[in-house]
Amino acid sequence: MEQPFIVDDPSTDTFRINRRAMVDPEVLAAERANIFDRTWLYLGHESEVAQPGDYVSRTVGGRALVLCRDHDGTVRVWLNTCTHRGATVCRETKGHGRFLTCFYHAWSFDLAGNLTTLPDAEAYGPGFDKAALALKAPPRVDTYRGFVFVSYNPAVIPLVDHLAGARDYLDLVCEQSDTTMAILPGTQEYSIEANWKLLVENSIDGYHAMSTHATYMDYLITAMRKAAEALGEKLAPPSLDGHAHDLGNGHAVIEYTAPWARPTARWAGPLDPALREPLAARRAELAERYGEERARRICETSRNLFIFPNLIVNDIMAVTVRAFEPVTPGLMHVRAWELAPVGEPAALHEVRLDNFLTFLGPGGLATPDDVEALECCQRGFTSWRELPWSDISRGMAQERPGITDELQMRVFWRRWNQMIGGDPAAAGGGEGETPVRLHAVGGGR
Ligand code: FES
Ligand SMILES: [Fe+2]
C-alpha cells in the first residue's frame with residue numbers, strides 16, 4: 001500500500017512523519033524544486049555589509065551568491081558567477097574593495113554589477129556588449145528590518161506577505177535596540193550529518209531542553225542558586241513557561257519565560273547585581289516607548305522563531321541568527337551569527353557574547369548536544385523501511401499547546417507537505433513553473 005509523507009489525523013490526535021523524507025535523494029530533489037526554488041530564502045543581514053565596498057559570499061538554495069554594498073550605499077545581491085565563462089567572481093567569504101575581479105581571466109566588475117574592465121578587450125568585435133555582460137541578480141531580492149531574502153521564483157508573493165505573522169516577532173527582536181540591530185563580526189560555521197529538517201524541528205523544540213541539555217541546565221541552575229544565596233534571596237523554581245504559535249506560511253514560534261538573564265533588560269543571577277538597576281531603567285524606557293505589555297515581551301520573554309524554510313532567530317539569552325543549507329539528505333551546512341543592538345553597553349555586550357559562545361556556539365554547552373541528537377536521529381533513520389514513522393503528535397489535544405508540545409513542528413511539516421506535494425497554492429504564490437509532483441512511498445507500516 002502506498003504511504004503518505006504525513007499522517008495528520010486530529011480525530012485520533014495522530015501526527016506522524018514518514019522517515020523516508022529524511023533519507024531519500026528524490027525527496028531532496030523535490031525540496032529543491034518545490035521549496036528552495038520557489039519561496040523566499042534568508043541570505044544575510046544588511047549590517048554584514050555596513051560600509052560601501054563590503055561584500056560577503058555564501059551559498060543559498062544551492063546557488064553561490066554575493067551580498068554587497070555598492071559605492072552609492074545600495075545593498076545588492078549578485079549571482080556569484082562570472083558572465084564570461086562561469087567562475088565565481090568572489091572567492092572570499094568576506095571582503096572589502098571597489099571591484100570583484102574574476103580569478104580565471106580577470107574580468108572585473110564593480111559592486112553595482114557593471115563589467116568595467118577585461119584584459120585584451122580589443123580582441124572582441126564591435127557587437128561585444130559590455131552592458132549586457134553585467135553581473136546578474138537573483139530574480140527577487142527584498143529586505144525586512146535589515147534581514148535580506150532572495151527568491152529564485154520571479155512570481156513569488158511579496159516578502160511581507162510571505163513573512164505573515166513572523167513579522168511581529170522580527171519586530172520584537174529589533175525593538176531591543178533604539179537605533180538598529182547589527183550582526184557582530186564572526187560566523188559560527190559547522191556541518192551536521194543529519195537532514196536539514198531535523199534542525200528545523202530541534203531549533204523550536206522545547207521538549208528536549210531539560211533532557212538533551214541537562215549539563216547546561218545543571219550548570220545554570222547551580223550558578224543561579226549560588227547567586228541568589230550570595231544576595232540572601234531565594235531562587236524560584238526554574239521553569240520554561242509559554243506557548244507555541246502558528247505564524248502562517250509554515251513559520252512558527254515558541255515564546256516563553258525562562259530562568260536565564262537576557263542582555264535586553266532581564267536581570268537574573270549570576271549576572272552582576274550592579275546591572276540590576278540599569279536593566280530596570282532600560283525596561284522602564286522600553287515601557288514608555290512601547291507600552292508595558294510589549295516591553296514585557298521585549299525584555300522578559302525568550303523566543304525561538306522559525307521562518308520557513310531556512311532561517312532561525314533564537315532570541316533567548318543572546319540572539320542567534322541561524323541559516324542552513326541542505327547538501328545531501330544526510331548532511332547540512334549551518335551558519336550562525338550573533339545579532340546585537342548597536343551601541344549596547346559594554347557590560348551587557350560581554351554577557352551577550354559569553355552566552356553566545358557558552359550556550360549557543362558549536363563549542364558551547366548546548367549546540368554539541370543538539371548536533372549529537374540530530375546525528376543520532378539520522379543514524380536511527382537507517383531502518384526507515386522497517387520503522388517508517390516518527391511521532392510528532394505531542395499536544396495535539398491541547399487547546400493552547402505549550403513550548404514542550406509539538407505544534408510548531410506540525411506547522412512546519414504541514415507547509416512542507418503542501419509544497420512537496422506539488423500544491424501550487426502553497427508554492428509562495430505566482431505563476432512559476434509547474435511544481436514537481438513527488439509520489440508517496442510504497443511499503444508497509
Ligand atoms: S570566467 Fe571569469 S573572466 Fe573568464
Ligand atoms: Fe537544543
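Two strands count as paired if DSSP finds at least two bridges between them. On that basis β15 and β16 form a hairpin with two residues between the strands, in which N249 takes a positive phi near 55°. The structure is a predicted model.

- Strand β15 (residues 241-248) runs antiparallel to β16, and seven bridges join the two.
- Within this pairing, D246 stands opposite A252 in β16.
- On β16 there is also a pairing with strand β17 (residues 301-307), antiparallel and extending over six bridges.
- Strand β16 (residues 251-257) is mostly covered, five of its seven residues being buried.

- Strand β4 (residues 54-60) pairs with β5 in the antiparallel sense, over six bridges.
- The two strands form a hairpin with two residues between them, where G61 takes a positive phi near 60°.
- β5 is also paired with strand β6 (residues 75-79), in the antiparallel sense and over five bridges.
- The hairpin of β5 and β6 has five residues between its strands, and G73 in the turn has a positive phi of about 95°.
- L65 of β5 takes part in both pairings: R58 stands opposite L65, and L65 stands opposite L79 in β6.
- Strand β5 (residues 63-69) is mostly covered, with five of its seven residues buried.

**Open sheet of β3, β12 and β11**

- Three strands make up an open sheet in the order β3-β12-β11, with antiparallel pairing.
- β3 (41-45) and β11 (140-144) stand at the edges with a single partner strand each, so one side of each is left without a neighbour in the sheet.
- From one strand to the next, the twist averages 30°.
- Five bridges join β11 to strand β12 (residues 147-151), and the two run antiparallel.
- One of the residue pairs is R140 with S151, the latter being its bridge partner in β12.
- As a general point, strands of a sheet pair through backbone hydrogen bonds, either parallel or antiparallel.

**Helices α4 and α10**

- Helix α4 (residues 196-203) packs against helix α10 (residues 367-380) at an angle of about 135°, with the axes 10 Å apart.
- The two helices are therefore oblique to each other.
- The crossing in which α4 passes α10 is right-handed.
- On the α4 side, the contact involves L198, L199 and N202; these meet D370, A373, L374, C377 and Q378 in α10.
- By residue class, this contact of α4 with α10 divides into five nonpolar, two polar and one charged.
- Helix α4 is mostly covered, since eight of its eight residues are buried.
- The buried residues of α4 include the contact residues L198, L199 and N202, and also W196, K197 and E201.

**Proline 388**

- P388 lies in the loop between α10 and β21 (389-391).
- With 19 other C-beta atoms within 10 Å, P388 is partly exposed, because a residue is classed as buried only if 20 or more such atoms lie within that distance.
- P388 and A21 are 367 residues apart along the chain, and their C-alpha atoms are separated by 9.7 Å.

Terms used:
Residues are numbered from 1 along each chain as its sequence is written. Chains are lettered from A and ligands numbered from 1 in the order in which they are written. This is a predicted model: local features need pLDDT of at least 70, side-chain atom pairs count only at pLDDT 80 or more; totals for chains, interfaces and linings use all residues. Helices (H or I, at least four residues) and strands (E, at least two) are DSSP runs, numbered from the N terminus. Axes are lines fitted to C-alpha atoms, for helices over the stretch in contact, and angles run from 0 to 180 degrees between N-to-C directions. Angles under 35 degrees count as roughly parallel, over 145 as roughly antiparallel, 65 to 115 as roughly perpendicular and the rest as oblique. A crossing is left-handed if the near helix is turned anticlockwise from the far one by less than a right angle, and right-handed if clockwise. Two residues are in contact if their C-beta atoms, placed from the backbone, lie within 7 Å. Ala, Val, Leu, Ile, Met, Phe, Trp, Tyr, Cys and Pro count as nonpolar, Asp, Glu, Lys and Arg as charged, and the others, Gly among them, as polar. A residue is buried if 20 or more other C-beta atoms lie within 10 Å of its own, exposed if 12 or fewer, and partly exposed in between; C-beta atoms are placed from the backbone.
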